[in-house]
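User: I'd like to learn how to read salt bridges, cores and surface patches in a protein model. Could you walk me through them on an example?

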Amino acid sequence: MKLHPATIPLRSLGRAASLGFVCFLVGLFLSPGANASTALVVLWSSLGVCVALLYEGIRYFRVGYTLTPETLRITAGILSRRTREIPRHRIQSVDIHQSLFLRPAGLATIRVETAGGSHGPFTLEYVSMGEATRIRDWQCGVPERQCTTTVHGREQSSNAGHRGSATESETIFTLKRTELIAYSITSVGPGAVILCGIALSFISGRYPRGLVAPEVYQLGATLPKTIQTEVLVVAFLVTAWALSAGLHTVRFTGFRLTRSQDVLHYEHGLYGRYSGTIPLENLQRITIAEPIPLRWLGYGSLQLETAGSDGSQQATETHALTIPLASRKRIDVLLGKIAPLGGLDSESIESPPRRAKTRYILTYLVAAGLGLVVAFSLSVTTPVVRDWYALAPAVLIAPIAAHLKWSNRGYQLQRQYLLTRDGFWHRRTCLVPYQRIQSLAYTQRPLQRHHSLATLTADTASVSPAILTAYDVDAERGNEVCRRLERQMCGRSGTTEPSSTT
């Protein structure tokens, strides 16, 4: 199977521009004189464009792929040929992206995430949308995907026949307009950072007058210098926020999540369209993020994560589908449709013992006291610190902070998932299937041993496993949980004792 014929002109545009510019510089350097310089420069530039077109033409005929019932075989290379075979069960997800320029032409870019290997994911550019859908359905195990046609007309007829026999899908989540607006106005993208840099240039006194209308600049010039700076900074921050909100709105418009048997399908985007699949058997982790103040309003975000791993069980790539914002009630309903879960309410989650809160209070009080002692010593010996007593409120805040830390921590053993929760300002609730746990760590630090507490950490084939931690559980209960998790991981009753780290 070949890429779409439009690959040649589309890829040639960028390559011809870069190679033609290099040849243009070479022509300038080799020009013998003013009379011959123009013709020689044009000759070298034309040569660069022709080489780019020839290269992309040869590349088009040398790159191909074949779908068999169980593998995806990719062949590439102009001088040296390389063939790569990927088993279907090793593919974690298939993403389809239609940019603003490719969507009218019916073309798409496919990104295939694999579980393991040193090459990581691979990308097929400029594939017809029908062929992209065919590859996605093949990865999901949909029948009638054993065709290895090489003619684009036969591809289309096969795709049409397949759509009629495809299994029906159920829409399990759609992003509401109010949720999209709330997410857009509460999120800041990279564009804000760029505009803030421009605002800093204003503060430093380098006013780009050419970018500002004369009337606006003259109006601003009548204001005092300090007010001018403040007005310009606020104006650019508001512009950055508006730009970020617009980008998020365009990206997540039309967000829809459907389920067909044991496969999730998602799509979103107003101009550029994003779509893909995640087989439920490949889920590595489910994360619910609830930052303040959205948590107080009953909102949060949901992330479904898959990850590839190499032979050493270390994560190589991570693919995550994020539902940007939804009410907690809708998230709980969605989780019930994705995975068999028990209750996720606060009462069903096992919090650390109350003696753990006592330890937090003592730790925070000691830290606040040491801060006061250091501040007082500096105020006596140096003129750097004067109002050392300004840190005194920290002593009163310590018990409140300790209680908030204790109340937002906990864990729960579901029927098929381990659940952990942590964080006050940005609370994260994480669910991991038992079969995805790679190793367990049972840790007791000196203060934890004194209070008969322990920390349990479950490591998975994921990039950021730190949140899979149950802090300050009862020591005996921790050993019992470790033994139960090991039985779930190994699928047998007889297991060894968990490892202990001090």
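This is a predicted model: local features need pLDDT of at least 70, side-chain atom pairs count only at pLDDT 80 or more; totals for chains, interfaces and linings use all residues.

User: Let's start with D474: how exposed is D474, and what does the accessibility figure say?

Analyst: Relative accessibility is read against two cut-offs: under 20% is buried and over 50% is exposed, with partly exposed in between. D474 has 24% relative accessibility, so D474 counts as partly exposed. R355, at 31%, is partly exposed as well.

User: Which residue does the side chain of D474 meet in a salt bridge?

Analyst: The general idea is that side chains of opposite charge can pair when their charged atoms come close. Here D474 pairs with R355, with 2.3 Å from N to O. R355 belongs to helix α10 (residues 354–381) and D474 to strand β19 (residues 469–474), and the two are 119 residues apart, so this pair links distant parts of the chain.

User: Strand β19 also holds D472. What does the salt bridge between D472 and R409 tie together?

Analyst: The N to O distance for R409 and D472 is 3.6 Å. R409 sits in the loop between α11 (393–407) and β14 (410–413), while D472 is in strand β19, so the bridge ties together parts 63 residues apart in sequence. Check the accessibility here too: both R409 and D472 are buried.

User: Are E85 and R73 buried or partly exposed?

Analyst: Both fall in the middle class: E85 is partly exposed at 46% relative accessibility, and R73 is partly exposed at 28%. Their side chains form a salt bridge of 2.8 Å, N to O. This one connects strand β3 (residues 82–87), where E85 lies, with strand β2 (residues 71–76), where R73 lies, and the partners are 12 residues apart.

User: How many salt bridges does the structure hold, and which residues are linked in a network?

Analyst: There are 18 salt bridges in the structure. For a network, look at E290, R328, D332 and R427, which salt bridges link together.

User: Now the nonpolar cores. Which residues touch the most other members of the largest one?

Analyst: The largest nonpolar core has 32 residues, and L257, L302 and I338 touch the most other members. Several elements each supply at least two of its residues, including β7 (170–174), α5 (177–186), β12 (299–309) and α9 (328–338). Leaving out residues up to four places away in sequence, L302 touches I286, T287, I288, L321, T322, I323, I331, L334 and L335. Another core lies apart from it, with 21 residues, among them Y60, V63, V94 and I135.

User: To finish, what are the totals for helices, strands and buried residues?

Analyst: The protein has 13 helices and 20 strands, and 41% of its 502 residues are buried.

Technical notes: Residues are numbered from 1 along each chain as its sequence is written. Side-chain values use heavy atoms; hydrogens and water are left out. A nonpolar core is a set of buried Ala, Val, Leu, Ile, Met, Phe, Trp, Tyr and Cys residues joined through side-chain atoms within 4.5 Å. Buried means under 20% relative accessible area, exposed over 50%, partly exposed in between (1.4 Å probe, protein chains only). Helices (H or I, at least four residues) and strands (E, at least two) are DSSP runs, numbered from the N terminus. Contact means heavy atoms within 4.5 Å. A salt bridge is a side-chain nitrogen of Lys or Arg within 4 Å of a carboxyl oxygen of Asp or Glu.
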